[in-house]
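The entries follow the order in which I looked things up.

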Amino acid sequence: MTPSYGPDAEQFGDLHRSVLEFTPPGTVHHVIVPRPDRRLFAPYAGPRCRVRTVEELLPRRYVMVPRAGLWINVRRPWPPVRGWVMQQIIKLAATAALDTDVVLVADSDVVLVRPVTAARALIDGRMLLHRLEGGVHERMPRHILWHQVARDLLKLPPPPGPPLPDYMSPLTFWQPATVRKLQDRLRETTGRHWAEAFGARLHVSEFMLYGVFVDEVLSATDGRPPSDTSVCHKTPDESPMDLRTALEFAGRVGREAIGMMISSKSGTPPEVRQAAIRHGTEVAARTS
């Protein structure tokens with residue numbers, strides 16, 4: 001499942017081609033885009049790609065302000081919801097709406113580099129969670145704030161750290177049933193529709209919220225799930241890459257990685273990105 005929009009349509013094309021190549025024939029790629037961008041993604045629609053719009057998944061009280069990149073709740077017009085936060089809401093809403101055991105949530109600038117099935121989401125029969133222990137430190141104020149907001153939304157005590165776990169990943173497995181439980185929890189703790197409660201926060205992260213919920217709410221009965229941070233090979237920052245740097249990066253694809261990500265915000269030239277994708281896929285094939 002991929003939330004996307006017009007500027008990322010080219011990168012989405014690379015991702016979708018890799019989904020067709022590296023997932024079983026019955027796998028369906030769901031892409032959620034703003035209504036004005038649907039025409040850019042319509043060519044991918046078919047038996048293995050479902051194209052839906054943001055507006056189809058949102059409560060009807062949300063409307064977009066043209067060219068502003070903001071969404072307004074007509075019942076509570078202030079504060080508006082920023083596009084980046086709305087994309088997170090859509091990620092949660094779309095996952096919860098799927099009738100399946102597991103969803104591979106992929107950003108538009110990810111590509112798959114080796115075959116993957118739902119079994120990759122399990123470790124010793126348990127669903128994995130992307131959790132980098134101690135990954136959030138005192139020099140990461142936004143990440144610390146995301147932890148604080150997640151705990152506030154879930155009505156949990158303040159975080160004990162830093163250091164704190166980092167749950168952020170451009171490619172990760174989620175369980176729709178778990179997301180539905182998370183939505184129910186937000187309704188209970190805030191007394192509002194979960195999307196309104198989430199969207200009212202200026203600084204918020206869907207990954208931090210999901211991770212904290214799994215680790216500190218569900219774990220009370222099920223225990224903390226196993227962690228796996230090797231699913232996606234990604235760049236450590238958003239610096240632009242030249243050809244040599246990109247090929248060196250792609251050459252380091254790990255044996256357990258199923259995907260690779262060069263940030264669309266890095267300004268890496270398209271031809272360099274394509275060369276890195278080819279090389280990363282070749283390296284993955286040799287080491288599988």
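**Entry 1, the cavity.** I began with the lining of the largest cavity in this predicted model, and I found that Leu129, His130, Tyr167, Thr172, Phe173, Trp174, Phe207, Tyr210 and Gly211 form that lining. When I asked which elements supply at least two residues each, I noted strand E13 (171–174) and H8. Sorted by class, the lining of this cavity holds six nonpolar and three polar residues, with no charged residues among them. Its volume came out at about 40 Å³, and my count of cavities of 30 Å³ or more ended at one.

Two or more lining residues come from each of H4, strand E11 (132–136), H5 and H8, and H4 gives the most, with seven residues. By class I wrote down 18 nonpolar, 14 polar and eleven charged residues for this lining.

Which residues touch the most other members of the largest nonpolar core? I found that they are Leu58, Met86, Ile89, Leu154 and Leu209, in a core of 49 residues. Two or more core residues come from each of helix H3 (54–57), helix H4 (83–97), strand E7 (103–106), helix H5 (141–154), helix H6 (176–190), helix H7 (194–199) and helix H8 (206–222), and the largest share, nine residues, comes from H8. I then followed Leu154 and, leaving aside its neighbours within four places in sequence, I found it in contact with Leu182, Arg185, Leu186, Thr189, Leu209, Val212 and Phe213. Apart from this core I noted another one, of 25 residues, including Phe41, Ala106, Val110 and Val231.

I looked up Arg131, which sits in the loop between strand E10 (126–127) and E11. Is Arg131 buried or exposed? With a relative accessibility of 7%, Arg131 counts as buried, because buried means under 20% relative accessible area. Beyond its neighbours within four places in sequence, Arg131 is in contact with Pro165, Asp166, Tyr167, Asp215, Arg224, Pro225, Pro226, Ser227 and Thr229.

My search of the whole structure for disulfides found zero. Cys49 is in no disulfide, and the nearest cysteine sulfur, that of Cys232, is 19 Å away, whereas a disulfide needs the two sulfur atoms within 2.5 Å. I noted that Cys49 counts as buried at 2% relative accessibility, and that Cys232 is buried too, with a relative accessible area of 8%.

Terms used: Residues are numbered from 1 along each chain as its sequence is written. This is a predicted model: local features need pLDDT of at least 70, side-chain atom pairs count only at pLDDT 80 or more; totals for chains, interfaces and linings use all residues. Side-chain values use heavy atoms; hydrogens and water are left out. A nonpolar core is a set of buried Ala, Val, Leu, Ile, Met, Phe, Trp, Tyr and Cys residues joined through side-chain atoms within 4.5 Å. Buried means under 20% relative accessible area, exposed over 50%, partly exposed in between (1.4 Å probe, protein chains only). Helices (H or I, at least four residues) and strands (E, at least two) are DSSP runs, numbered from the N terminus. Contact means heavy atoms within 4.5 Å. Ala, Val, Leu, Ile, Met, Phe, Trp, Tyr, Cys and Pro count as nonpolar, Asp, Glu, Lys and Arg as charged, and the others, Gly among them, as polar. On a 1 Å grid over the protein atoms alone, a cavity is a set of points where a 1.4 Å probe fits but cannot get out, and a pocket is an open set with protein on both sides within 12 Å along at least five of seven lines; lining residues have an atom within 4 Å of a point. Grid points are joined across faces, edges and corners, and a volume is the space filled by probe spheres set on the points.
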